[in-house]
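Let's take a friendly tour of a protein model. Keep the sequence and the 3D view open while you read, and look up each residue as it comes along.

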Amino acid sequence: MAEQNDGQQPGSPEARDQWPLWEVFVRSSRGLSHVHAGSLHAPDATMAVRNARDLYTRRNEGTSVWVVPSEAVTASDPDFKGGYFESPAGKAYRHATYYTRSEGVKHL
């Protein structure tokens, strides 16, 4: 594969501005979930993982690193959180307070 040479050096600020943005998730040794640690620019996935390791796990606090292209992340709009996170009206059966305790049932 031939590389394009537009007159910019690979490490120049102009070249870095064209690199894709990656979101970094780190799993610490204390937990099982990956947590968003930050973002970085890198030319490809391999360099993004290496840079994320160097930048976000300098003190051996991570056991796993994920990098995801920012353009691949889809998120809900915080301004419309009601439609996503509030319980719909008329669905009280989803809550334990809707049900009554039956007589004679032990350990309920």
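Start at Ala42: leaving aside neighbours within four places in sequence, Ala42 is in contact with Trp19, Pro20, Trp22, Met47, Ala48 and Asn51. Contact here means heavy atoms within 4.5 Å. The model is a predicted one, in which local features need pLDDT of at least 70 and side-chain atom pairs count only at pLDDT 80 or more, while totals for chains, interfaces and linings use all residues. Residues are numbered from 1 along each chain as its sequence is written, and side-chain values use heavy atoms, with hydrogens and water left out.

**More about Ala42**
- Ala42 sits in the loop between strand E2 (34–41) and helix H2; helices (H or I, at least four residues) and strands (E, at least two) are DSSP runs, numbered from the N terminus.
- Ala42 counts as buried because its relative accessible area is 0%; buried means under 20% relative accessible area, exposed over 50%, and partly exposed in between (1.4 Å probe, protein chains only).
- Ala42 and Pro20 are 22 residues apart along the chain, and their C-alpha atoms are separated by 6.1 Å.

**The nonpolar core**
- Which residues make up the largest nonpolar core? Its eight residues are Trp22, Val24, Val26, Leu40, Ala42, Ala48, Ala52 and Val67.
- Strand E1 (21–28) and helix H2 (45–56) each supply at least two residues of this core, and the largest share, three residues, comes from E1.
- A nonpolar core is a set of buried Ala, Val, Leu, Ile, Met, Phe, Trp, Tyr and Cys residues joined through side-chain atoms within 4.5 Å.
- Not counting residues up to four places away in sequence, Val26 touches Ser33, His34, Val35, Ala37, Tyr56, Thr57, Gly62, Ser64 and Val65.

**The overall fold**
- The protein has three helices and three strands, and along the sequence they follow the pattern α-β-β-α-β-α.
- Of the 108 residues in the protein, 15% are buried.
- Among contacts between residues at least 6 apart in sequence, 39% join residues at least 24 apart.

**Out on the surface**
- The accessible surface of the protein comes to about 9300 Å², and 52% of it belongs to carbon and sulfur atoms. Accessible areas come from the Shrake-Rupley method with a 1.4 Å probe; for residues, only the protein chains shown count as cover.
- Phe80, Tyr84 and Phe85 form a nonpolar patch on the surface, with about 430 Å² of accessible area together. Patches are made of residues with over 30% relative accessible area and no salt bridge; like charges are joined within 9 Å, and nonpolar side chains (Val, Leu, Ile, Met, Phe, Trp, Tyr) within 5 Å.
- Phe80 lies in the loop between strand E3 (62–69) and helix H3 (81–85), and Phe80 counts as exposed because its relative accessibility is 55%.
- Is Asn60 buried or exposed? Asn60 counts as exposed, at 70% relative accessibility, and is found in the loop between H2 and E3.

**A charged pair**
- Asp54 forms a salt bridge with Arg53, and the closest N and O atoms are 3.1 Å apart. A salt bridge is a side-chain nitrogen of Lys or Arg within 4 Å of a carboxyl oxygen of Asp or Glu, and by this rule the count comes to one.
- Asp54 is partly exposed at 43% relative accessibility, and Arg53 is partly exposed at 45%.

**How confident is the prediction?**
- The protein averages a pLDDT of 79, and 71% of the residues score at least 70; pLDDT is the predictor's confidence in each residue, from 0 to 100.
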